[in-house]
Amino acid sequence: MFRFILGRLLQGLLVLFALYTITFFLAKAMPGEPFTTEKNVSETTKQYLRKLYGLDKPLPAQYIIYPSKIITDRDFGVSTSKGRPVRDIIAQSFPVSLILGLGAMSFAIGIGIPIGIISAVRKNSWVDWSLMAVAMVGICVPAFTIGPLLQILIAANVPGLKVAGWGNPLDFLLPAFTLGLVSAAYLARLTRGGVLEILSQDFIRTAHAKGLSPTRVILKHGLRGGLLPSVAYLGPAFAAMISGSFIVETIFQVPGMGQHFVNAAISRDEFLLMGVALFFGFLIIMMNLISDILTGILDPRVRIGKAAQ
Amino acid sequence: MSYISKKTVKKHLFGILIIFSLGGCGGETAVDQATRDGILIIGNTSEPKGLDPHIVSGVLESNIIGSLFEGLVVQHPSQEGVALPGVAEKWYPSNPDRPDEWIFELRKDAKWSDGEPLTAEDFLFAFRRILTPELASDYAFMLFYIRDAEPFHKSQRAYLIFRNDESFPVKWESLKKVDFGPNEKADKKTFNRKGLDHLTAKELETLQATPSHFNWPESVAVEIRELIVSKSLEFAKSGRDLWELINFGATAPNAHTLKVKLNAPLPFLAEITKHYTWFPVPKHVVLEHGTIGERFTDWTKPANLVGNGAFKLKSWRFNDHIEVERNPNYWDADNVGINGIRYLPISNLFTEDRMFYDGLLHITYTLAPELIEYSRTHYPEFVRNELYLGTYFIRTNVTREPFTDPRVRLAFSMALDQEAIIDNVLQGGQKPAGGLVPPFGGYPTSSAVKFDPVAAQKLLAEAGYPGGKGLPDIEFLTTDKESSKATAEAMQAIWKKHLGANIKIKQMEWTSYITNMFDKNYDLAAGGWIGDYMDPLTFLDMWMKDAGNNRTGWSSETFEKLLAEAGQTSDPQARYALLAKAESLFLNERPILPLYWYTRNYLIHPDVKGWDPLLLDNHPYKFLKLQRDTGAMEN
């Protein structure tokens, strides 16, 4: 187990480095520079700006300096568009995204998995068909439609809920629901498929034959294997949810991390861009690792270490 | 299965109901509460780049800085171009017939928000700071009116060394045309790229040893080249600051008097000092956290920020809000009408408008064009449509066929059915642009730009393209906004209809668009300009040959002569007449095709009193009041 985790972490480092390389060169390949403005900025001023941000150095030097500063000083550079350290920006916006992501995740699991189980148990009934139809809609309708609909239909009419903003404990409900909805729909379909597959296995028939109650068979034996596809999906999905969503954040005015991905690219803010990309990459790697470990615990067949032998 | 679902659902529903009932607060909106507390809640599009008046350059930052700092004079709350006393109690030119030197008498009770006295020294420090090249301020050029501000900011070392040197063999004037750099496009291996004036002592030594590192024009004699390099080296080695070489125009005869000597007469200097680039910064605080030329210091962090405005910083949550509260040390604190302002960085226009309808905002930054009609129908009393000091136009690239011919440019301009575009596409109540400078004050507004498709066709035929025959495909560069696309498509159809021209629309995201426009990599390019101050010059001087925002390739010596003449004219009416003449010349050549004068559409709650239309939208907050308007928001 330990060797497995260590191996995966080393792999993760390589992935991060590849991610950095790609982001760095893509950022450099974009036309214009962070200091391109409509203002009458003199060439002298631009030169000083480049010097301030270290953008006057040759490319290979810049390529090496950025990661070395992260390792030695935990310095992710200063955002050219926001004028403050990238580390501060991530430190301020990530907790918000984390709360929102956890809320979204709770919605996704709380809605998706029960629906999937019910659909599997009542397979090919009208209950199954209608639930799966709803799930399909959930997957297909984008957040920029659901979000405003929730604002107009629910937030504007339910006292205590605001159409947008962040600060009161209830403010996370609608954005979290919007963000979690797509995942809920995926989870419902994945859970249904997973549970159905398990329910057709011999050991389930054995359990029934032994006289266990149907609920116990489904919850104890069916779910354990039936959740595997969902767990595999949830790792990266969770990473995506807690790193923010541009659309949900701008619709609901949430000060999270998602908007930085888009804004940094538009404003050629390469330090912020690389900072959030690396941070997101790190989250994905960690969540994948956790999801692999959980899969191993749930499924003896793929128990880590033994599976390879 | 049933027992799982029903029970849990019931339990959850109950929980949700409890949460809702806890959250409900009897129908009073956030705005109602804020009005009672005297807090103005205002939409401000985006998170500011910072709160340092010398580093930011945007409107949204200006909105916040305007509450935290105060300049020499203050904008009148309702009268355009009228200045009220700010830090200065009185201001006047030393010689009224030639207003190129101004005296500002500062109030003796002016204080910083930490209680320290505010003196003329703080202004001098602020001016020097924004001009310090290392600070790399985007907006330093706003101070170039002051004597010697420009050569200092641009680090024109050689010029400053030799301009008064009697022993220099030639007159410096003769070297004015020499490009000392920095030149971005120059060969990487030469020092032209970095610029002669920016070379370090070490680099100058290298240059002395190998003169070929710098490309001089033939006209500069070798001995002069050597002299410039050796004297520059001497100066660089001495470790002295360029500041010592200049005769800076701003001085402080005493702690409460500021004297500003300008390069040329400027009857409207007070107008310019309303801009935040002219605001003072607290010398004692800035220097406590860093040096004068240091860009990233902590002096604007919430815990440290000290200002002199009617308000001071209360809280700042990144991307969430900035709140300011009364500054008890403000000289006019007794007359400030509100207790604080909360700025929300709402970038999504629809979200902002929905938040307004939901009672979360007093004033929106803007109103989404798609919601103008809806708002006018449902909330007519909240919608404002006001003229703004800005012009939307289309740049033509006069270095490319067919726009090298002024007749073609005129034809494209005259074929533009401005009203049709405004009424059918923009729908924001914009005004068809009759010229370049939007209407304001005593300046004679131009009406040279008119829709006349018949005359346009005639001109196009005269230029050799009858009915559009022979016209090459024309590329129209615009931004990637949905509204830009709609406007571009409307113009495409109009030019096809009236001139038979084939327009290809090229949409690009902002930075690529700017880069292409700056490189003159376009035929036609959408553009616009918002005035920095209340004077026609803010729209006219950008079309000089070397101005950073010309980008059309157009220039005219007569035009520049007229501007220079206006620059030396003290009488306001005579000056306006000269500027109008320059504008007329510009419009006859029409390197840009004016489309409309901007209007600002936004929503404002009737609780806000004293928010009157202002062309620059620079409302002085201290005059505002918040009073419950009984008829408001009943729907």
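Modeller: Two strands pair if DSSP finds at least two bridges between them, and strands are DSSP runs (E, at least two residues), as helices are (H or I, at least four), numbered from the N terminus. In this predicted model, strand β8 (residues 311-317) and strand β9 (residues 321-326) of chain B pair in the antiparallel sense over six bridges. Residues are numbered from 1 along each chain as its sequence is written, and chains are lettered from A in the order in which they are written. Local features need pLDDT of at least 70, side-chain atom pairs count only at pLDDT 80 or more, and totals for chains, interfaces and linings use all residues.

Biologist: Which residue is the bridge partner of R317(B)?

Modeller: The partner of R317(B) is H321(B) in β9(B). Three residues lie between the strands of this hairpin, and N319(B) takes a positive phi near 65°. Four bridges also join β9(B) to the antiparallel β10 (residues 340-344) of chain B, where E323(B) has R342(B) as its bridge partner.

Biologist: Which residues of α6(A) are buried?

Modeller: A residue is buried if 20 or more other C-beta atoms, placed from the backbone, lie within 10 Å of its own, exposed if 12 or fewer, and partly exposed in between. In α6(A), I146(A), G147(A), L150(A), Q151(A) and A155(A) are buried. They fall within an arc of 135° seen down the helix axis (taken from the directions from the axis to the C-beta atoms), so they line one face of the helix. On the other side, T145(A), L149(A) and L153(A) are exposed.
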